[in-house]
Amino acid sequence: MPLRTRARRAITLAATAGLATFAVTLPPADATLTGVAHWYEPTSPQANDSQVNATGAPFTGTQPGGSVRGYVDAHTHLMSNVGFGGSIVCGATFSPNGAPDALRDCDSHGSDGSTGLIENLTNLEGKSSFAKHDTAGYPTFKDWPKWSSLTHQQMYYKWVERAWRGGQRIMVADAVNNNVLCSLPVQVNKYSCDDMDTVRRQIAETKNLQTFIDNQYGGPGKGWFRIATTPAQARQIVAEGKLAVILGVEVSNPFGCTTKLGVPMCTTGDIDRGLDEFKSLGVSSMFLCHKFDNALCGVRYDEGTTGVIVNVGNFLNTGEWWKPTVCTGTQHDNTIANTDIPNDVLKHLPAGTFLPVYPKGPHCNTKGLTGLGEYALKGMIKRGMTVEIDHMSTKAAGRTLDILEQYKYPGVVSTHSWMDRSYTERLYRLGGFVTPYGHSAGEFAAEAQDPGMKALRAKYDVGLGYGMDMNGFGGTPRPPLMARAEAAPSTSQTHKSLTATAGKGISYPYTALGGTVMDRQVTGQRTWDYNVDGVAHYGQVPDWVQDLKNISGTPIQDDLARGAESYLRTYAGARGWAAGPNLALNRPTTSRSNEWAPFGGLAAAKATDGRTDTRWASGNWGVDPQWLRVDLGSSQRIGRVVIDWESAYAKSYQVQVSDDGTTWRSVSATTTGDGGLDVAVFNEPGRTMPTARYVRVLGQQRGTNYGYSIKELQVYGS
């Protein structure tokens, strides 16, 4: 849920409610699909509801090779209206009384909208604090939903239905919250601001929506909206042509794991109980940290004025401001702006509150993955959960990837462009999946078609998805024609940039993936046109995809159509993961030297005993090189070598292999080692795995004033 100031993509859908019941077959446009099932109009449609404006049967079945087809939104927020205390996101996702009851403005916005402080502070068109808007909602929808409004409902269930009819087959519905925003003095809340309470409430409401839709289509299991708690369930739902909804969690204090002045407010017991509860609720994926540093990890900062506001939230949540350092490596977090706290925020803070002055960027969060964070991460691996790496600081993300590589765990995703892009190949190599944020069409197309990103998708045979972040205060795609009109009067670089990101616009009606014909979406008296409205609600996601197709041609649509299959492979990889055997465990291990300790406490064998509370340490601190060698017993294929350094690490070292223990060949080397957990990976596309009986680490230059010390040396065959 990035709270961002620049406009990004947003999409909504709507659905028709026909009274006739009839069977249809798969359109010729998707003749490659098999296993066609009948699809029916609802038997008990709601009165006074939204239209879908989609004609034709949803495509069903699988392709001959067994893979499914369809789009995936890997990051969105279906039930935000019951998050944030229940009074910030206006309007409900569904109501038994239909759209007139569901699509109403917040009482806190008053009769003319001028008291909607959070709406006005976050509005992407830069509204003043007391700006007015029409509060009528249904049926006229004069001012909302709109691409620039972040507090009005964009995911009414009929709009979601239209997105499904337009080709989407997977939605990751993240329960979301911001406990600080919820707790502002101006808020009059319906519900608790506690993150865990909010997760429970949003998941319960998602299950209520499934029942609500089922009742319209003939009873349990009959509706198009299906919650999947296993990869097999999700695959079957997609194969049937329905929408598989996967439950996720994106909050800042999971399990109560905030900090107060640096002191963790949770224990390993809290983490285990929380993870077990999430599993029992059907949660498949989650973020360990979100907007604020917590007891598990540091966050990747927001930039600009938004970053200042979120930093204030970090202070209110933890009692501490962000603590960046100037980055020295290639990865970096966003740079924190040195600017004043906005007056509308400052007046609600204690007197004398001032933002720290930070050094010139680029900035890196000094906080990475904590000990409790590593415990939680390993708990997720144990339970087969998908790890969301976005929002982690680069330091935390790097350590997370180290651990995932150590275990060769494929269940990792980056779902809305909140990860340093240099980590992309490491994620793909594990078997993970990446989806860009749902930017405006031109910007999304440029990111998706970047030659480097395309080459990586081809190398690892993965499709493309999007992370719309709808109802998540991230913003949705601007109207393409509006952006182009703004760009037209000038040839300045700024206006050229606007033109490049605007998109081309679309013509109605058009044919979506699978042959469904889509027209302008209508709810009540309002007709939305993507060309002038952008993505005002989720029902317009198919319109946005059509604009992407107009910009980049059918290849981008084909890449997106492969997204559902790619996500399911990652999901299945997480659930099916099992630890491979450590070929070095308790094998004969020797070293050039070792530091003396009573009872051989620092001997070479301590590095292959399967424990991280023991270690090998070299002797002769002033003598290089030093080495640690393990005999695997016979010739083995080597897929990974894991080195868990103690604080005395090697800055320059090689991983070497040998058939006879005498003649060595280098298979991995670095001169920029920084300690921690290092994983040399050989089982990747285009690389031949070495085969050898012996493996050794050859330390050539020390990273400290001491010798070399390794807690664990592990060797895996895959």
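Reply: We start with the naming of elements: helices (H or I, at least four residues) and strands (E, at least two) are DSSP runs, numbered from the N terminus. In this case Pro-625 sits in the loop between β19 (616-617) and β20. The model is a predicted one, in which local features need pLDDT of at least 70 and side-chain atom pairs count only at pLDDT 80 or more, while totals for chains, interfaces and linings use all residues. Residues are numbered from 1 along each chain as its sequence is written, and side-chain values use heavy atoms, with hydrogens and water left out.

Me: How many helices and strands does the protein have?

Reply: There are 20 helices and 26 strands.

Me: How should I read the overall dimensions?

Reply: The radius of gyration is taken over C-alpha atoms, and the globule rule is 2.2 Å times the number of residues to the power 0.38. For 718 residues a compact globule would have a radius near 27 Å, and the protein agrees because its value is 27 Å. Along the principal axes, the C-alpha atoms fill a box of roughly 80 × 65 × 55 Å.

Me: Which backbone features deserve a look?

Reply: Most residues other than glycine have a negative phi, and most peptide bonds are trans. Here a cis peptide bond joins Asp-624 and Pro-625, with omega about 0°. Another cis peptide bond joins Tyr-508 and Pro-509, with omega about -15°; Pro-509 lies in the loop between α16 (493-502) and β14 (510-511). Asp-469, a residue other than glycine, has a positive phi near 55° and is located in the loop between α14 (451-460) and α15 (480-487).

Me: How do I read the packing of helix α5 (residues 195-216) and helix α7 (residues 268-281)?

Reply: Axes are lines fitted to C-alpha atoms, for helices over the stretch in contact, and angles run from 0 to 180 degrees between N-to-C directions. The axes of α5 and α7 come within 11 Å and cross at roughly 10°. That makes α5 roughly parallel to α7, given that angles under 35 degrees count as roughly parallel, over 145 as roughly antiparallel, 65 to 115 as roughly perpendicular and the rest as oblique.

Me: Which residues make the contact of α5 and α7?

Reply: Contact means heavy atoms within 4.5 Å. From α5 come Met-196, Val-199, Arg-200, Ile-203 and Lys-207, and from α7 come Gly-274, Glu-277, Phe-278 and Leu-281. For residue classes, Ala, Val, Leu, Ile, Met, Phe, Trp, Tyr, Cys and Pro count as nonpolar, Asp, Glu, Lys and Arg as charged, and the others, Gly among them, as polar. By that division the contact has 5 nonpolar, 1 polar and 3 charged residues.

Me: What separates a cavity from a pocket?

Reply: On a 1 Å grid over the protein atoms alone, a cavity is a set of points where a 1.4 Å probe fits but cannot get out, whereas a pocket is an open set with protein on both sides within 12 Å along at least five of seven lines; lining residues have an atom within 4 Å of a point. Grid points are joined across faces, edges and corners, and a volume is the space filled by probe spheres set on the points. A search of the whole structure finds 5 cavities of 30 Å³ or more.

Me: What lines the largest cavity?

Reply: The largest cavity has a volume of about 60 Å³, and its lining includes Leu-78, Asp-174, Ile-203 and Leu-247. At least two lining residues come from each of β3 (168-176), α5 and β5 (243-250). The lining divides into 6 nonpolar, 3 polar and 1 charged.

Me: And the second largest cavity?

Reply: Its volume is about 40 Å³. Among the residues that line the second largest cavity are Trp-616, Trp-627, Trp-645 and Tyr-708. β20 (626-637) gives the most to this lining, with 3 residues. The lining has 7 nonpolar, 2 polar and no charged residues.

Me: Which residues lie closest to the centre of the largest pocket?

Reply: The largest pocket has a volume of about 1400 Å³. Of its 43 lining residues, Gln-331, Asp-402, Arg-426, Asp-674 and Asp-678 are the closest to its centre. α11 (394-407) gives the most to the lining, with 6 residues.
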